[in-house]
Amino acid sequence: MTKVSSVPFLETERQKTNESLTAERDKTNESIDSARQQTEIKTNKSVDAERLKADKIALQSRAEADAFRKDEFKTLRNDEKDERKKSDARLLEERFEADKAIEKERARIDAAMARERDLKDTLITTLLDQERGQTDQNLQAERSQTDSQVHKSSNLLTDEIADHTKTKVTLTSRDEFLAIVSHDLKNPMGAVFSCSEMLLSETVANIDPEIRPWIELIKRNADTALRLINDILEIERLAEGKLNLNLQPHDIDQVLKQCIEDFTFAASAKKIVLTFELSKISENVLCDCDRIKQVISNLIANAIKFSFEGGSINLSAAAVDKEIVITVCDSGPGIPEEKKKMIFNKFAQLGTKDRTGLGLGLYIAKMFVEAHSGHLWVKSEFGKGSQFSFSLPRIKTKK
């Protein structure tokens, strides 16, 4: 078998394949030789038996004829006996010639059978060699193709490792940059927000009505910037595994009520009816209240953001088996089926025109819920609103 050059780590396996193939072919040759010998022995025995049977019949027939002629000879006259002796001599000569002819014919048949066997052996060997040659050729072609693919994959892997190293360095620098920017921006932006909030408070008098809208604009943008910075910081904490939960028992109705109060003004600005149903849950929920409020607030903010003016949003909680399930249901446009799976991904945004955030809200909410050993999901039919729900483990504690 022709040896195909290959990468080193394939040589051992290919050597095993070659040895196995050679052993299999030797075994096949032995089986063919054994079958051929058995067939020849069986054929020879059959021919010998038929010839022996024919000879026996011929001898018996001749013996019967000789006995008849002997008995008949006794009844002949003397002149007829002389003629019979001549006839017997001719008969013996004819029998001798017949035996010679039979032996000659049998020798010719034996030679013909031997030639036929040799021809069959040659034909089988030729066909077997052709088939094995084609197998070797196919195996060589396949190995050459494999070598080509392995070399190509190896080169691609080398390039990918190099690119990964570059990307890792880039990402490390980017993460460090984002962390520095987030921390350094949060303090001055927080000061801007606090100052604008103080200027708009009732304790500050004599604010020019023409200036108030500009201060409100400053406050809104500072608030947006702070939320974006907080999202970046949360992603950093999640990535570094530094998310620590302050688990305490809380009345879930009170938590939901506080979230509703925080969004009353935003909902009324779009004429959206914001409702809340008492859960009638008899026990407290063990959770990090700030994190869970952040999850609920994120869901309510998204519902207000995507709901049509004059729509409705309902917030509820219920005990389901061993879980507490909190649900935010809106009458918005719904979510297309193909986008349901991606909305919880990092930097996911439903529309290309939606640039009021980084697309981190639902991702962070999902991480917070999963950190509580819960899960977050959505049910939505396009054009008929959405229902976001998340679960928390139900741990029975008295209120």
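Two strands pair if DSSP finds at least two bridges between them. Helices (H or I, at least four residues) and strands (E, at least two) are DSSP runs numbered from the N terminus. The model shown is predicted: local features need pLDDT of at least 70 and side-chain atom pairs count only at pLDDT 80 or more, while totals for chains, interfaces and linings use all residues. Residues are numbered from 1 along each chain as its sequence is written, and side-chain values use heavy atoms, with hydrogens and water left out.

**View A. The open sheet of 5 strands.** The strand order is β2-β4-β5-β7-β6, with mixed pairing. β2 and β6 are the edge strands, each pairing on one side only. On average, neighbouring strands are turned by 20° against each other, direction ignored (axes are lines fitted to C-alpha atoms, for helices over the stretch in contact, and angles run from 0 to 180 degrees between N-to-C directions).

View B. Strand β2 (residues 273–276) runs parallel to β4 and is joined to β4 by 4 bridges. Phe-276 has Leu-315 of β4 as its bridge partner, and Thr-275 is partnered by Asn-314 of β4. β4 and β5 pair in the antiparallel sense over 8 bridges; Ile-313 is bridged to Asp-330 in β5. The hairpin formed by β4 and β5 has 2 residues between the strands, and Asp-321 in the turn has a positive phi of about 55°.

**View C. Helices α4 and α7 on the sheet.** α4 lies across β2, β4 and β5 and runs at about 170° to β2. α7 lies across β6 and β7, at about 130° to β6.

**View D. The largest nonpolar core.** Such a core is a set of buried Ala, Val, Leu, Ile, Met, Phe, Trp, Tyr and Cys residues joined through side-chain atoms within 4.5 Å. Among its 44 residues, Ile-296, Ile-300, Ile-326 and Phe-390 touch the most other members. Elements that each supply at least two residues include α4 (252–262), α6 (289–306), β5 (323–330) and β7 (386–393). α6 gives the largest share, 8 residues. Beyond four places in sequence, the contacts of Phe-390 include Ile-292, Ile-296, Leu-299, Ile-326, Val-369 and Trp-377 (contact means heavy atoms within 4.5 Å).

**View E. Ser-196 in helix α2 (residues 78–200).** Ser-196 counts as buried because its relative accessibility is 4% (buried means under 20% relative accessible area, exposed over 50%, partly exposed in between; 1.4 Å probe, protein chains only). Not counting residues up to four places away in sequence, Ser-196 touches Ile-215, Ile-218 and Lys-219.
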